[in-house]
Amino acid sequence: ENSDYVSVQGRYIQFALSGKSITCVPLYYKIYGMHIDDINPRIRIITSARFGMQQLYSLHRTEILRKIFEVCRKVTNSTIAEYSSNLVGMFYGKHIMLPVFWMARDSARYTEYNYSGANLTTVVRGDSLKNFLLSEEGKSYEIKFTELLTKVTGNTPEMSKKIFDEVFFEIYFPQNHVTVQQQINEMPVKQIFFTFYIKKLIPLNVRVKFRIFAKYMVPKIFQRIRNERQFPFPFTENPDYINDWEKIKKVIKRHGNLPIVKNSISN
C-alpha cells in the first residue's frame, strides 16, 4: 500500500542441520534496520551500494523487477544481476528491511555456483569485476543502466554516468584496490621463494581446499561463536515471531540433506 516503496525484506538466519539438531546464526545483522528512504534517487542508489546488501531475495513490485532484469537481460555474469536487483530498483523508489523473520538459508552449499573458480563465466569477483566493466558486455550493461537512469530521474547522461562510476569504481571496485599481481610484486624476495616452493611441494587441489578453509570457514567459525552469544535467535520474546520460528524449524528438519547439484544455476 506504500506506493513509494519498490521492495522489502526482513531478517535472515543461516542454519546448519545435523541429525535433528539445528545450529542457527543471524545473517546481515550489522544492517538490521536498513531503511533507504531518501527522496533523491542518487542518494538511494549510493546508500544501497554502501550497505553492501543486495536485495535479490526481497519482495519486489513485479513491474520494477521486470525493469531490473531488462537492464541485465543479456549479461552472463550473475553477480551483475545481483547488483542490479538493488541499484536499478532504487531508481524508482524506497527499500526497507523490516524486523520480521524473512528467510532461513542453509550453510551447506548444494551447488558449485559460489565456490571460487568453479564457475568463472557467471561469477564476477575482485579484479574480474573491473575487467567485466571494461569489456564489450560490460559497456553494453553500462549503457542500459545509464540510459534508464537518465529516463527515470531526468538526470543528464553525464550525471547518470557519474553515478554509475561512483557505484562501481569507487564503492564496488575502488581505484586504490590492490590486485593480486601488485601484492606479489610487493612481496619480499624470501616470501616469493617460499611461495614458489609451496606451489612445487603441495598439490594445487590441497592448496585450494586449505585456502578456502582459511579464508571462508575459519572466520565463519569465530563469527558463529560470537553471534550465538550476542544474537540468540529468534532475537525477541514476541510470541508471533517465536511461532514463525517454530514453524520454520519443522521445515528445516524435513528439508534434510540434499544432494549436490553441479552448476544448478545454469541448468
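Axes here are lines fitted to C-alpha atoms, for helices over the stretch in contact, and angles between them run from 0 to 180 degrees between N-to-C directions.

**View 1. The whole chain in the predicted model.** The protein chain contains 11 helices and five strands. Of its 267 residues, 34% count as buried. Among the contacts in the chain with a separation of 6 or more, 77% join residues 24 or more positions apart.

**View 2. Helix α7, residues 157–172.** This helix has 16 residues, and the distance from its first C-alpha to its last is 21 Å, close to the 22 Å expected at 1.5 Å a residue. Its buried residues are Ser160, Ile163, Phe164, Glu166, Val167, Phe168, Phe169, Ile171 and Tyr172. An α-helix has 3.6 residues a turn, so residues three or four places apart point the same way.

**View 3. Packing of helix α1 (residues 41–51) on α7.** The axes of the two helices lie 10 Å apart, at an angle of about 15°. Angles under 35 degrees count as roughly parallel, so α1 is roughly parallel to α7. Their crossing is right-handed. On the α1 side the contact is made by Arg42, Ile45, Ile46, Ala49 and Arg50. On the α7 side the residues are Ile163, Glu166, Val167, Ile171 and Tyr172. Counted over both helices, the contact has seven nonpolar residues, three charged and no polar. The α7 residues of this contact, Ile163, Glu166, Val167, Ile171 and Tyr172, are also listed as buried.

**View 4. Packing of helix α6 on α7.** Here the axes come within 9 Å and cross at roughly 125°. This angle makes α6 oblique to α7. The crossing of α6 past α7 is right-handed. From α6, the residues Tyr141, Glu142, Phe145, Thr146, Leu149 and Thr150 take part. They meet Pro157, Ser160, Lys161, Ile163, Phe164 and Phe168 of α7. This contact divides into seven nonpolar residues, three polar and two charged. Ile163 of α7 meets α6 and also belongs to the contact with α1.

View 5. Leaving aside neighbours within four places in sequence, Lys139 is in contact with Leu133 and Leu134.

Methods:
Residues numbered from 1 in each chain as written. Predicted model: local features only at pLDDT ≥ 70, side-chain atom pairs only at ≥ 80, totals over all residues. Heavy atoms only, no water. Helix = DSSP H or I, 4+ residues; strand = E, 2+ residues; numbered from the N terminus. Expected span 1.5 Å × (residues − 1). Buried < 20%, exposed > 50% of the residue type's maximum accessible area, 1.4 Å probe, protein only. Contact = heavy atoms within 4.5 Å. Parallel < 35°, antiparallel > 145°, perpendicular 65-115°, else oblique. Left-handed = near helix turned anticlockwise from the far one by under 90°. Nonpolar A, V, L, I, M, F, W, Y, C, P; charged D, E, K, R; others polar.
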